[in-house]
Amino acid sequence: MAADGIVITAAIVGAEVTREQSPYVPYTAQEIATEAKRCADAGAAVIHLHVRDAQGKPSQDEALFRAAIEAIRAECDVVIQVSTGGAVGMALEERLGGLRCAPEMATLNCGSVNFGDDVFANSLPDMRKVARRIRDHQIVPELELYEVGHLDSVRLLEREGLLTPPHWVQFVLGVTGAIGARESVLRFFVSELEPSNHWGVAAVGRYQLPMAELAIGLGGHVRVGLEDNLYLERGVLAQGSAPLVARVASLARSQGREPLTAAHVRLRLATSQN
Ligand code: KMH
Ligand code: ZN
């Protein structure tokens, strides 16, 4: 389905980026909420959420999610999508803390993948467990695909009754060790989807902008933010995720695609409850 409006997701915290790399990475609940509002004002409808402990270490702790979500909701109206991926190496059960905080969306990572020098492990049994848990909480899953074979794992879970279309698919492209962020790759991924599905692209590092531009042209949605890319341009740190959101919002508008509000996204999510 060629979407008119565009869903811009802001991935504002992440788990692998640090304050040492960029002073603009938010850590505390209030910093996260302030950044979420800046992104919402710039055109984001969805916040992809990770949380940090008091030392800034990635955490999936329920209380930290609850505090961040409460602070975000006090600042702005956005769809909150909690991470179930956490940081590489976290145990599965630990990764699921956010699901108990009534988010509207949650990620489902659709297979294992090399992640830099590490392995981001998502076995089929673990995927099934996360899919069930997301469904039990009546949350809409966002399916994160990092490799081509992950398409088939989605189909498998669909056949097993654990996922129900239309899906919200995020193609995560350009992770070191996984499939690259190339036009041919994105076109192939999109060609494999039923047109009724929603899809977006989250490309890493310097590929964020060109892949976003391509997705806008192809009718897809876009995720940007410091989780995936710290730079506004070569050598220039983005001062938070909001400038990255503002740039894709303006690009989308220039192509006739108005950024959707959280209220619009909720209407679409209503048709995707498992
Ligand atoms: N931090 C990555 C290893 C998710 O949010 O569900 C996984 C990740 C995916 O960020
Ligand atoms: Zn994430």
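The axes of helix α7 (residues 208-218) and helix α8 (residues 242-254) cross at roughly 30 degrees and come within 10 Å of each other. This places α7 roughly parallel to α8, because angles under 35 degrees are counted as such. The model is predicted: local features need pLDDT of at least 70, side-chain atom pairs count only at pLDDT 80 or more, and totals for chains, interfaces and linings use all residues. Residues are numbered from 1 along each chain as its sequence is written, and side-chain values use heavy atoms, with hydrogens and water left out.

**Helix packing**

- α7 passes α8 in a right-handed crossing, a term for a near helix turned clockwise from the far one by less than a right angle.
- On the α7 side, the contact (heavy atoms within 4.5 Å) is made by Gln 208, Leu 209, Ala 212, Glu 213 and Ile 216.
- On the α8 side, Leu 244, Arg 247, Val 248, Leu 251 and Ala 252 take part.
- By class, the residues of this contact divide into seven nonpolar, one polar and two charged.
- Axes are lines fitted to C-alpha atoms, for helices over the stretch in contact, and angles run from 0 to 180 degrees between N-to-C directions.
- Helices (H or I, at least four residues) and strands (E, at least two) are DSSP runs, numbered from the N terminus.

**Largest pocket**

- The largest pocket holds about 510 Å³ of space; on a 1 Å grid over the protein atoms alone, a pocket is an open set of points with protein on both sides within 12 Å along at least five of seven lines.
- Its lining consists of 28 residues, with Glu 16, Phe 115, Val 204, Glu 227 and Asp 228 nearest the centre; lining residues have an atom within 4 Å of a point.
- Eleven nonpolar, twelve polar and five charged residues make up the lining of the largest pocket.

**Cavities**

- The whole structure contains four cavities of 30 Å³ or more, a cavity being a set of points where a 1.4 Å probe fits but cannot get out.
- The largest cavity has about 120 Å³ of space, and of its 14 lining residues Val 7, Thr 9, Glu 142, Trp 168 and Gln 170 are closest to the centre.
- Strands β10 (168-173), β11 (198-203) and β12 (221-224) each supply at least two residues of that lining.

**Backbone features**

- Pro 165 and Pro 166 are joined by a cis peptide bond, with omega about 5 degrees; Pro 166 is in the loop between α5 (150-159) and β10.
- Ala 102, although not a glycine, has a positive phi of about 50 degrees, and lies in the loop between α3 (92-95) and β6 (105-109).

Conventions:
Chains lettered and ligands numbered in written order. Points joined across faces, edges and corners; volume = space filled by probe spheres on them. Nonpolar A, V, L, I, M, F, W, Y, C, P; charged D, E, K, R; others polar. Parallel < 35°, antiparallel > 145°, perpendicular 65-115°, else oblique.
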